[in-house]
Structure formats: structure tokens, C-alpha cells
Amino acid sequence: MNISNILINKTCLIAGLILLLSSCKQSQKYNSPKPLNVNQTLQDLYLQDLKECKQYVLQLSSTSDHDSLEHYYSAARNSFKRIEPLLSFQDLNNYNFLNAP
């Protein structure tokens, strides 16, 4: 019984050392992403959504089909709703004018 305890202890010790050595391997170098310029990203997204909204409004004014009018109105409204928080933050007077009933 004493020999079996010694054998179990040695086995656990060896297994622990193997796990310790295998877990301490140095992994590949971590490449940190380039720092984002949040203001530029936000401005690009705002301008892209604004152009999309303008395009839908132009398509809305050039069509007379009821289904197309409904589709373009919904698309223009959704794209305006995406830029609405930025517009209200940037220029409150124009936002109130655009968002009026």
C-alpha cells in the first residue's frame, strides 16, 4: 500500500510538471490593432448615411408608383433615424427644423 501511494504521488507530480511546462509556452506575438480615430470614423459613417438619405429622398421625388413611394419613404426615414443622434448633437437648430411635424 505504501508503494502504491508513492507511485500515485510520482505520477501526479510528473503530470503536474508536464502540464505546467506545456502551459508556459510562449505564444505568438500579439499584434495590437492600429488605434482608431473615432472622430474620423464617426464622420465617415455620418456622411455615408447622409448621402444614402439624400439618395432615397431624390428617388422619392422622382417616382409616382405607390409601392415605390412607400419603399423610398421608409428607407429615407430609416437612414435619417441613423444620423439623427449626431445631427441633434451637432446642430440643434437645424435638427429641430428637420424633425418638425
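A residue is called buried under 20% relative accessible area, exposed over 50% and partly exposed in between, with a 1.4 Å probe and protein chains only. The model is predicted, so local features need pLDDT of at least 70 and side-chain atom pairs count only at pLDDT 80 or more, while totals for chains, interfaces and linings use all residues. Residues are numbered from 1 along each chain as its sequence is written, and side-chain values use heavy atoms, with hydrogens and water left out.

**Chain**

The chain has four helices and zero strands, in the order α-α-α-α from the N terminus. Helices (H or I, at least four residues) and strands (E, at least two) are DSSP runs, numbered from the N terminus. Of the 101 residues of the chain, 10% count as buried. The chain exposes about 9,200 Å², of which carbon and sulfur atoms supply 60%; the area comes from the Shrake-Rupley method with a 1.4 Å probe. Among contacts (heavy atoms within 4.5 Å) with a separation of 6 or more, 38% are between residues 24 or more positions apart.

**Aromatic pair**

Rings of Phe, Tyr and Trp (its six-membered ring) pair if their centres lie within 6.5 Å; planes under 30 degrees apart count as stacked, over 60 as edge-to-face and the rest as tilted. By this rule there is one aromatic pair. The ring centres of Y56 and Y72 are 6.5 Å apart and the planes stand at 35 degrees, so the pair is tilted. Y56 belongs to helix α2 and Y72 to helix α3, so the pair ties together parts 16 residues apart in sequence.

Helix α3 also holds S74. Accessibilities are listed below.

| Residue | Relative accessibility | Class |
|---|---|---|
| Y56 | 22% | partly exposed |
| Y72 | 21% | partly exposed |
| S74 | 35% | partly exposed |

**Second largest pocket**

A pocket is an open set of points on a 1 Å grid over the protein atoms alone, where a 1.4 Å probe fits, with protein on both sides within 12 Å along at least five of seven lines; lining residues have an atom within 4 Å of a point. A volume is the space filled by probe spheres set on the points, which are joined across faces, edges and corners.

The second largest pocket has a volume of about 160 Å³. Its lining consists of N39, L42, Q43, Y46, L86, F89 and Q90. Helices α2 (38-61) and α3 (66-90) are the elements that give two or more residues to this lining, and α2 supplies the largest share, four residues.
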